[in-house]
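Trainee: I've got a new model open and I'd like to learn how to read it. Could you walk me through it?

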Amino acid sequence: MIKRDAWIISADRVRRVMVNVEPLRNEGVPETNISKYLILHPKVFTANRFVEILEKVKEMGFNHVEITFLKAVDMLTVMGEDCWRNKMDVFKRCGGWSEDQVQSAFRKDPKCFKASEKTFLKGFD
């Protein structure tokens, strides 16, 4: 984890990680998933709006015992609300998908929202 992000060892960030891991444990996310994701993607656990994002991911219907739960948390921590809406609109506009279909695709693979709008458009072409 330190090799990926050495800044993570600052006292403030360690505290934030500890605070943000607790709701995952309370939700029943397996410790192995938390550990793996913490090592690979430590910045996810330092998000200011972490608890808000967890609630949104739960509302979307993700299963907390699957790794896709943490992948969804990851994607929503790097995307603001405007970016989320923009990506939804691109799927709807280019693929002719409904909002339910876009959310279903996101539930299957949250990383599908990682690509830029330009890459989306290229893929749809």
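Predicted model: local features only at pLDDT ≥ 70, side-chain atom pairs only at ≥ 80, totals over all residues.

Trainee: Okay, the whole chain then. How many helices and strands does the secondary structure come to?

Mentor: Start by listing the elements in order. Here you get seven helices and zero strands, so the pattern along the sequence reads α-α-α-α-α-α-α.

Trainee: And what box do the C-alpha atoms fill?

Mentor: Take it along the principal axes: roughly 45 × 30 × 20 Å. The accessible surface comes to about 7400 Å², with 52% of that belonging to carbon and sulfur atoms. Of the 125 residues in the chain, buried ones make up 34%.

Trainee: Now helix pairs. How do I read the packing of H1 and H2?

Mentor: Look at the angle and the axis distance together. H1 and H2 (residues 31-40) pack at about 150°, and their axes are 10 Å apart. Angles over 145 degrees count as roughly antiparallel, which is why H1 and H2 get that label. The crossing is right-handed. On the H1 side the contact uses Val17, Val21, Leu24 and Arg25, and on the H2 side Glu31, Ile34 and Leu38. By class, that contact divides into five nonpolar, no polar and two charged residues.

Trainee: Are H1 and H3 roughly parallel or antiparallel?

Mentor: Apply the angle rule at its other end: under 35 degrees counts as roughly parallel. The axes of H1 (residues 11-27) and H3 (residues 50-59) cross at roughly 30° and come within 9 Å, so this pair is roughly parallel. H1 and H3 also cross in a right-handed way. Asn20, Pro23, Leu24 and Glu27 of H1 meet Phe50, Val51, Leu54 and Lys58 of H3. That contact has five nonpolar, one polar and two charged residues. Notice Leu24, which is part of the H1 contact with H2 and of the H1 contact with H3.

Trainee: At what angle do H2 and H4 pack?

Mentor: About 40°, with the axes 10 Å apart. This crossing is right-handed. Asn33, Ile34 and Tyr37 come from H2, while Ile67, Leu70, Lys71 and Asp74 come from H4. The classes are four nonpolar, one polar and two charged.

Trainee: Which residues does phenylalanine 106 touch?

Mentor: Skip residues up to four places away in sequence, and phenylalanine 106 touches Met60, Phe62, Ala72, Met75, Leu76, Trp84, Cys112 and Phe113. Phenylalanine 106 is in helix H6 (residues 99-108) and, at 0% relative accessibility, counts as buried.

Trainee: And how far apart are phenylalanine 106 and arginine 15 in space?

Mentor: Compare sequence and space separately. The two are 91 residues apart in sequence and 30 Å apart from C-alpha to C-alpha.

Technical notes. Residues numbered from 1 in each chain as written. Heavy atoms only, no water. Helix = DSSP H or I, 4+ residues; strand = E, 2+ residues; numbered from the N terminus. Buried < 20%, exposed > 50% of the residue type's maximum accessible area, 1.4 Å probe, protein only. Contact = heavy atoms within 4.5 Å. Axes fitted to C-alpha atoms, helices over the stretch in contact; angles between N-to-C directions. Parallel < 35°, antiparallel > 145°, perpendicular 65-115°, else oblique. Left-handed = near helix turned anticlockwise from the far one by under 90°. Nonpolar A, V, L, I, M, F, W, Y, C, P; charged D, E, K, R; others polar. Areas by Shrake-Rupley, 256 points an atom, 1.4 Å probe, with all protein chains shown as cover.
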